[in-house]
Amino acid sequence: DYGMEKPQGSSVSFHYNPNVEYHHFGSSHPMKPWRLTLTKQLILAYGLEYTMELHEPRPATLDELAIFHDREYLSFLKNITPQNMESADNQAHILSFGFGGESNDCPVFDGLWNYVSLYSGASLHAADSLLNAQSNIAINWSGGLHHAKKNAASGFCYVNDIVLAIQHLLTQNQRVLYIDIDVHHGDGVEQAFESTDRVFTLSYHKFGFDKYNNPFFPGTGAITEMGPSDPANRGKGHTLNIPIEDGIDDEQYMWLFRTITGAVNEKYRPNAIVLQCGADSLGGDRLGKFNLNIKAHGYCVEFVKGFDKPLLLIGGGGYTPRNVARTWCHETAVCVGATLHNNLPTHLPYLQAFQGEENGGGVLYPDLHNTKRHENVNSVAKLNSIVRSAFENLRYIEG
Ligand code: TV1
Ligand code: CA
Ligand code: ZN
């Protein structure tokens with residue numbers, strides 16, 4: 001032993017199987033897997049592929065998915081097609097497994113099984129490269145499907161690749177911290193680990209009701225929701241939810257994020273971190289209600305990277321494809337420590353997709369706050385009270 005220390009700085013691995021791009025939820029559905037094509041093209045155009053180790057992971061197997069999901073659910077998922085879904089046998093299960101229904105959030109489409117195996121395989125492979133110390137930051141922009149339950153699809157999510165990746169990390173890590181900056185509550189991940197103290201789940205999200213008194217999806221994640229209340233349950237206090245109102249701006253969000261995430265990291269002392277980077281918390285998102293700019297979203301990645309622990313970065317929501325691509329490209333650059341030019345590379349395929357916008361067409365960092373779609377109703381007093389409650393909720397965990 002020559003007392004050699006592990007190399008300074010971070011090595012980044014990128015896990016992506018391009019076959020995910022070719023799946024379609026349906027033309028009017030907000031989830032567009034081709035946003036991953038845009039993301040990849042931006043990353044390549046900026047030359048970021050030379051700064052990371054690239055992997056094309058194989059799809060996850062049925063047995064790998066069964067570590068979290070029920071086999072009956074998986075065999076339904078594996079066999080259901082747009083052609084056979086009308087059969088009586090399938091109709092009997094379709095609603096209970098979270099498909100169809102009025103919203104049609106989780107449609108049955110061609111290649112569904114292939115799609116879920118591909119994004120899950122990439123998250124498992126990314127976790128694996130952290131376990132083998134092949135990288136200290138592993139990225140899978142195709143994953144982050146945080147609503148899926150062990151026996152049901154929910155909110156565009158069929159298989160919970162995050163739960164699977166965390167379970168894999170737990171084979172060699174005592175404590176894993178899960179952080180979720182998607183505009184929706186990370187309910188599936190929270191629920192999967194509600195009875196253990198080996199995973200701490202922290203979600204920032206919009207919480208509240210619209211003018212028709214309908215809750216913002218999925219309707220859970222109040223500040224008072226902190227895991228089981230039974231003191232004998234080890235999971236008690238290992239859940240923290242940060243409910244936020246419409247229109248939150250960069251300064252407010254960054255302040256909330258560093259204050260609370262910093263405190264959780266210090267108290268919980270995780271051995272590894274999973275950060276879900278849902279890009280629907282950006283200003284101008286088709287479904288989201290926040291007003292964040294790309295660099296404020298990326299600040300969260302920068303801040304967590306600063307903890308210097310094995311880090312799994314995964315995608316999630318994001319419904320304005322050009323801004324999803326910009327954000328995840330920027331966050332890839334943050335990981336490798338690169339600074340990118342605001343002017344987009346001229347040789348970028350799909351350059352058109354990034355042009356002709358009101359604010360900042362042709363650039364990487366348009367002003368998304370200026371889209372002013374949602375009035376900021378987060379008051380200083382309200383944010384202070386959230387932080388106060390969050391700190392109080394942390395008293396349950398022993399540092
Ligand atoms: C088909 C076609 C489905 C058009 C769904 C928006 C559509 C939505 C569609 C939609 C839509 C939701 C609900 C209502 C619950 C239902 C990836 C009481 C224009 C992680 C999932 C949001 C977010 C689900 C996923 C939500 C993620 N919003 N058009 N559906 N019912 N569902 O509100 O967290 O980003 O909107
Ligand atoms: Ca969230
Ligand atoms: Zn979302």
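This is a predicted model: local features need pLDDT of at least 70, side-chain atom pairs count only at pLDDT 80 or more; totals for chains, interfaces and linings use all residues.
1. Along its principal axes the C-alpha trace spans about 60 × 60 × 55 Å. Among contacts between residues at least 6 apart in sequence, 75% join residues at least 24 apart.

2. The largest nonpolar core holds 106 residues, of which Ala165, Tyr178, Val274, Leu312 and Leu313 touch the most other members. Helix α5 (residues 112-131) supplies the largest share of this core, with 10 residues. As a general background, nonpolar side chains in soluble globular proteins tend to be buried together.

3. Helix α6 (residues 161-170) deserves a separate look, since eight of its 10 residues are buried and the helix is mostly covered. Those buried residues are Asp161, Ile162, Val163, Leu164, Ala165, Ile166, His168 and Leu169. Ala165 is also among the core residues that touch the most other members, and, leaving aside its neighbours within four places in sequence, Ala165 is in contact with Ser123, Leu124, Ala126, Ala127, Val274 and Leu312. Two of these partners, Val274 and Leu312, are themselves named among the core residues that touch the most other members.

4. Around ligand 1 there are 20 residues, and those that come nearest are Ser103, Gly155, His184, Phe217 and Gly317. The shell divides into six nonpolar, 11 polar and three charged residues. One of the nearest residues, Phe217, is joined to Pro218 by a cis peptide bond, with omega about -5°. Pro218 is placed in the loop between β5 (199-206) and β6 (239-244).

5. Most residues other than glycine have a negative phi, and most peptide bonds are trans. Asp308, although not a glycine, has a positive phi of about 60°; its place is in the loop between α9 and β8, and it counts as exposed because 10 other C-beta atoms lie within 10 Å. Tyr350 likewise is not a glycine and has a positive phi, in this case of about 65°. Tyr350 lies in the loop between α10 and α11, and, with 16 other C-beta atoms within 10 Å, Tyr350 is partly exposed.

6. Where does Ala390 lie, and which residues does it touch? Ala390 lies in helix α11 and is buried, with 20 other C-beta atoms within 10 Å, a count that just meets the cut-off of 20 or more for a buried residue. Leaving aside neighbours within four places in sequence, Ala390 is in contact with Leu240, Ile242 and Ile260. Ala390 and Asp105, by contrast, are 285 residues apart in sequence and 32 Å apart in space, C-alpha to C-alpha.

7. Glu375 is found in the loop between α10 and α11, and it counts as exposed because it has 10 C-beta neighbours inside 10 Å. Not counting residues up to four places away in sequence, Glu375 touches Asp246 and Gly247. Glu375 and Asp249 are 126 residues apart in sequence and 9.8 Å apart in space, C-alpha to C-alpha.

8. The last point concerns Arg395, which is placed in the segment after α11 (380-393). With 9 C-beta neighbours inside 10 Å, Arg395 counts as exposed. From Asn291, Arg395 is 104 residues away in sequence and 31 Å away in space, C-alpha to C-alpha.

Methods:
Residues are numbered from 1 along each chain as its sequence is written. Chains are lettered from A and ligands numbered from 1 in the order in which they are written. A residue is near a molecule or strand if its C-beta atom, placed from the backbone, lies within 6 Å of it. Ala, Val, Leu, Ile, Met, Phe, Trp, Tyr, Cys and Pro count as nonpolar, Asp, Glu, Lys and Arg as charged, and the others, Gly among them, as polar. A nonpolar core is a set of buried Ala, Val, Leu, Ile, Met, Phe, Trp, Tyr and Cys residues joined through C-beta atoms within 7 Å. A residue is buried if 20 or more other C-beta atoms lie within 10 Å of its own, exposed if 12 or fewer, and partly exposed in between; C-beta atoms are placed from the backbone. Helices (H or I, at least four residues) and strands (E, at least two) are DSSP runs, numbered from the N terminus. Two residues are in contact if their C-beta atoms, placed from the backbone, lie within 7 Å.
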